[in-house]
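Let me put the thing on the screen and then talk you through a few spots.

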Amino acid sequence: MKELENDKMAEMLQVYFIMGSVNCQKDPVDVLKEAIAGGITIFQYREKGNGALEGQEKLELAKKLRGICSDLKIPFIVNDDIDLALAVNADGVHIGQEDDSVEVVRKKIGDRILGVSVHDLTEAEHAIRFGADYFGVGPVYPTSTKTDTKAVQGVTFLNKLRAMGYKTPIVGIGGITSENASNVTKAGADGVSVITAITNAVDIEEAVRKLKTSVLAGMQR
Ligand code: FQP
Ligand code: MG
């Protein structure tokens, strides 16, 4: 049963698009619609960083993006903000090690998707024990989006998790482009998560298609 669920989750992670208003060069609604047209498989609303929306404005944008994902059958995940996730009936949440604990969040969100950032085996074990549905692993490559990241780890930890037999679905994150995405899936990730590779693209649909091609190429291992 768990294996079937893992397979479904893994497929969902192939092209994982993350963004909030601060990442977008134009209306986030258009950015999301174009990314979906290009073939993203899951979306995370991450309203964070300089000039991020707060309160009612954050909620309004979340509702809009949630609606698009519902219409177009793309899972909608909220970063960090559990109350927001529940308010817009998100499909899931993503938390890191500095956010609310895995066990508390699992209780709050019921059987919604729970993604957890992990950087070592201790964090991975803990996340599995308390019911994580997938791992976010990174930064694989240097990233400019986030300044409070841990050290760049390449694909070492991805390889290690798979070599040790962990079956949890994994998405790689940090500095991933269509040039290097295949390395990430080759190392054992089920997909890649990106912000700027999509939001900064002149042709968003094309950027997503290229990412997906690279992701799938790396999986022919
Ligand atoms: N992996 C993923 C995902 N999404 C994320 N937001 C992160 C990792 C980073 O809490 P965190 O999570 O370390 O930092 P922040 O809250 O600033 O994003 F796997 F979904 F791709
Ligand atoms: Mg977080």
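Predicted model: local features only at pLDDT ≥ 70, side-chain atom pairs only at ≥ 80, totals over all residues.

Residues are numbered from 1 along each chain as its sequence is written, chains are lettered from A and ligands numbered from 1 in the order in which they are written, and side-chain values use heavy atoms, with hydrogens and water left out.

Let's start with helix H3, residues 55-71. Helices here are DSSP runs of H or I with at least four residues, strands are E runs of at least two, and both are numbered from the N terminus. H3 has 17 residues and reaches 25 Å from first C-alpha to last, close to the 24 Å expected at 1.5 Å a residue; that expected span is 1.5 Å times one less than the number of residues.

Which residues of H3 are buried? Those are Lys58, Leu61, Ala62, Leu65, Arg66, Ile68 and Cys69. The arc is taken over the directions from the helix axis to the C-beta atoms. For the cut-offs, buried is under 20% relative accessible area, exposed is over 50%, and partly exposed is in between, with a 1.4 Å probe and protein chains only. On the other side of H3 you get Gln56, Lys64 and Asp71, which are exposed. Covering the buried residues are, among others, strands E1, E2 and E3 and helices H2 and H4. Contact, by the way, means heavy atoms within 4.5 Å. After H3 comes Lys73, with a positive phi near 60 degrees.

Now helix H1, residues 2-12, whose buried residues are Asn6, Met9 and Ala10. Down the axis of H1 these sit within an arc of 100 degrees, so they too line one face. They pack against E2, E5 and E6, while Leu4, Asp7, Lys8 and Glu11 are exposed on the face turned away.

On to the ligands. What coordinates the magnesium ion, ligand 2? Asp80 and Asp99 do, through OD atoms at 2.1 to 2.2 Å. Asp80 is in the loop between E3 and H4, and Asp99, 19 residues apart from it, is in the loop between E4 and H5. Donors are N, O and S atoms within 2.8 Å of the metal (3.2 Å for Na, K and Ca), and with water not among the atoms, sites may look incomplete. Asp99 itself is partly exposed, at 26% relative accessible area.

Asp99 turns up again at ligand 1: of the 17 residues around that ligand, Arg46, Lys48, Asp99, Lys146 and Ser193 come nearest. "Around" means a heavy atom within 4 Å. A polar side-chain atom of Arg46 is 2.7 Å from a ligand 1 oxygen, and a side-chain N or O atom of Lys48 is also 2.7 Å from an oxygen of ligand 1.

Last, the loops. Gly39, between H2 and E2, counts as buried at 14% relative accessibility. Leaving aside neighbours within four places in sequence, Gly39 is in contact with Val15, Val208 and Lys212. Asp133 lies between H6 and E6 and is buried too, at 17%.

Conventions. Polar contact = N/O pair within 3.5 Å; in protein donor to acceptor, adjacent residues only side chain to side chain.
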